[in-house]
Amino acid sequence: GACESDQVCSMAVAPGQLGILCVGLTSAMSVFVLPQALFGLSLVENTAHIIAFGITCVFLADMLLASTCRQQQRGARFSKCLVYIVPAACAFHGLFFLFGLSPFNCDLSTLAFALFLAVLVVFPAMLLLEPLQLIQIFASNKFSWGHASLSNEVMAVYPAWGALVGCWLGTFPIPLDWDQPWQLFPIPCLFSAVIGHCIGVIIAVIVCQMSSRTVSKRS
């Protein structure tokens, strides 16, 4: 009986995992479903408005994720993440130009998309990990396999990687001569970043569950 209860506990989804799952689901719903269902907005015609709506929804999901942090760390972590949002958005905005976006194409939707990425990628990751720890994992790709900290590391990094890789893949249709309205930046990058983030969340949860099963078997 005790062994079975330990296995059930090890397979349970941790609060941080639930928080990241909520962020991923919220990002998808706020971009793909809710704007059209609630307000009749089209992503092609109302790109900036939908991204602004997505920023609001994902930020609320980030606040829910922050509530899963330890009570004594909650306020400090949340405040630190707020400080990093604007520099992160500026960094993403600079990357857009580095990868070929013309400064003359910089409009409200581009600025909103940079802020959306900051709220989707940087804010949740920094709620789960310290900045230096996050940078070390990104640089070395080394995780604490077999340790309790693995869950936070995987849930912070995998969705972030998924969103960033997805955003990069979304640039490929932009220069093609298909003459489709959805090819205009940042629409394809927004779609692929959200999809990549959701895939990263799913993979992270699977990895965490497999790791917890391995640890429980060893014990």
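**View 1. Ile135 in helix H6 of the predicted model.** Ile135 lies in helix H6, which covers residues 131-140; helices (H or I, at least four residues) and strands (E, at least two) are DSSP runs, numbered from the N terminus. Because its relative accessibility is 56%, Ile135 counts as exposed. Here exposed means over 50% relative accessible area, buried means under 20%, and partly exposed lies in between (1.4 Å probe, protein chains only). The C-alpha atoms of Ile135 and Val157 are 9.9 Å apart in space, while the two residues stand 22 residues apart in sequence.

**View 2. Helix H3, residues 47-66.** Helix H3 contains 20 residues and spans 28 Å from its first C-alpha to its last, close to the 28 Å expected at 1.5 Å a residue. The expected span is 1.5 Å times one less than the number of residues in the helix. Among the buried residues of H3 are Ile50, Ile51, Ile55, Val58 and Leu65. Asp62 and Cys57 also belong to the buried residues of this helix.

**View 3. The protein as a whole.** The protein has 8 helices and 0 strands. Of its 219 residues, 45% count as buried. Contacts (heavy atoms within 4.5 Å) with a separation of 6 or more come, for 72%, from residues 24 or more positions apart. The protein exposes about 11,700 Å², of which carbon and sulfur atoms supply 68%; accessible areas come from the Shrake-Rupley method with a 1.4 Å probe, and for residues only the protein chains shown count as cover.

**Notes.** Residues are numbered from 1 along each chain as its sequence is written, and side-chain values use heavy atoms, with hydrogens and water left out. In this predicted model, local features need pLDDT of at least 70 and side-chain atom pairs count only at pLDDT 80 or more, whereas totals for chains, interfaces and linings use all residues.
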